[in-house]
Amino acid sequence: MRVLGVDPGLTRCGVGVVEGVAGRPLTMRGVGVVRTPADAELGLRLLAIEQGIEQWLDEYEPEVVAVERVFSQHNVRTVMGTAQASAVAMLCAARRGLTVALHTPSEVKAAVTGSGRADKAQVGAMVTRLLRLDAPPKPADAADALALAICHIWRAPAQNRLQQAVAQNRLQQAVAQNRLQQAAALHASKPASHHASKGRTA
């Protein structure tokens, strides 16, 4: 599985590509950031992010795009910019028919470090170790993007099993409901046919 991780942001949008499967060593294919100038008009900044992500999609052809799920922050301006950059990443993926996976920061930290409260330095150190890199990717947005990709590769099998279990459960419920409806319909039809038979006998 090849995953493009995207750590959304208006000024620095982290991107990183990781390939592999759960339970085996993973390989980094690429890492970097898509930058936009803070003094540029918002529309142009979003356009630059889109073009940057499109280049990464063209070059690495991932199967999945894993994006950090936007969560509430005290700084509304920051969270708005993050949400806008996140939407651009999801749009780019959806336009190509790629699966989009959203992971919260705590999910990513827990998957990579074992603690949902790990700081950026801990995440960077574990990403370096897991991908057998010489040094932590910089800036931290780049390391976070790789962590997102790692998180998805590791969590995907469990998520798939969960989705299959939910689908199977829904199917079983639908079959049971259908049988109940058929039984109820059969029960409701019996008295009517019985009365009709008595009437013909008289």
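Select aspartate 144 and lysine 120 first: their side chains meet in a salt bridge, with N and O 2.5 Å apart (a side-chain nitrogen of Lys or Arg within 4 Å of a carboxyl oxygen of Asp or Glu). Aspartate 144 lies in helix 5 and lysine 120 in helix 4, so the pair ties together parts that are 24 residues apart in sequence. Helices are DSSP runs of H or I with at least four residues, strands are runs of E with at least two, and both are numbered from the N terminus. Aspartate 144 is buried, at 11% relative accessible area (buried is under 20%, exposed over 50%, partly exposed in between, with a 1.4 Å probe and protein chains only).

This is a predicted model, in which local features need pLDDT of at least 70 and side-chain atom pairs count only at pLDDT 80 or more, while totals for chains, interfaces and linings use all residues. Residues are numbered from 1 along each chain as its sequence is written, and side-chain values use heavy atoms, leaving out hydrogens and water.

Next, select arginine 12 and aspartate 141, which form a salt bridge of 2.8 Å, N to O. Arginine 12 belongs to strand 2 (residues 12-19) and aspartate 141 to helix 5 (residues 140-201), so this pair links parts 129 residues apart in sequence. Arginine 12 is partly exposed, at 34% relative accessibility, whereas aspartate 141 is buried, at 14%.

Then select glutamate 54 and arginine 95, whose closest N and O atoms are 2.7 Å apart in a salt bridge. Glutamate 54 lies in helix 1 (residues 42-60) and arginine 95 in helix 2 (residues 76-95), so the pair ties together parts 41 residues apart in sequence.
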